[in-house]
Amino acid sequence: RQLHGTEFLAMPTLETREVFDRTEMFEMVRHLDRDSVRSRIPVIRIGGNDLLSLIGMRRPVGRTIYETPIGQVISSLVTTFCPYGFSLSAPVFEYLNDFSTLAREVDQDLAHGLVGKTAIHPDQVPHIEYLYKVTAKDVDVAQMILAKEAPAVFNFHEAMCEPATHSVWARRVLDAAEHFGLKDDS
């Protein structure tokens, strides 16, 4: 809908028991994959604490969400939504002063291809933003993969690079570099 010429964006949150049912999630993908809906959804958020609540659990202190049964659910959501071009945002991290576990969790979020993380306290924001920075090496690789003259397969920084399969990753790296900056390599 529009209000005074402004189109509303939506961020659906996956936090109900239907999330545990792959058939339900594929139905949601089919519903969201319509042009009139897709254009209004920049990201879909995973409600980790709500999902844990549904199975009668709370995240243990010192553990990432991936060290709970919800870790498997996140993997399933990634393989359900991402192939259709949807971006997923990671669950919140509920402990306010455990920055080492937050760092491990964000590392796992990134390894799952999640594009953001909701902070529940302002003190978490600089930590999360730092963790989303990329290395200069990854930017170099991404630029080589996206170069028009890039060969079909090549070795760069001792890793196989294949533009046909790595270009989505490369664009995400360059987007992250633009939004969050580069990690200090020193």
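The following legends describe close-up views of a predicted model. Residues are numbered from 1 along each chain as its sequence is written, and side-chain values use heavy atoms, without hydrogens or water. Local features need pLDDT of at least 70 and side-chain atom pairs pLDDT 80 or more, whereas totals for chains, interfaces and linings use all residues.

**View 1. An open, parallel sheet of three strands in the order β3-β4-β5.** The edge strands, each pairing on one side only, are β3 (13–14) and β5 (88–89). Strand β4 (residues 44–46) pairs with β5 in the parallel sense over two bridges; Ile44 has Leu88 as its bridge partner in β5. Strands are DSSP runs of E with at least two residues, and helices are runs of H or I with at least four; pairing requires at least two DSSP bridges.

**View 2. The largest nonpolar core, with 23 residues.** Such a core joins buried Ala, Val, Leu, Ile, Met, Phe, Trp, Tyr and Cys residues through side-chain atoms within 4.5 Å; buried means under 20% relative accessible area, exposed over 50%, and partly exposed in between (1.4 Å probe, protein chains only). Leu14, Ile44, Ile74, Leu77, Phe81, Leu88 and Leu114 touch the most other members. Two or more residues come from each of α1 (22–32), β4, α3 (48–54) and α4 (70–81), and α4 gives the most, six residues.

**View 3. The surroundings of Leu114.** Beyond neighbours within four places in sequence, Leu114 is in contact (heavy atoms within 4.5 Å) with residues including Ile46, Tyr66, Ile74 and Tyr132.

**View 4. Ile55 in the loop between α3 and α4.** Ile55 counts as partly exposed because its relative accessibility is 39%.
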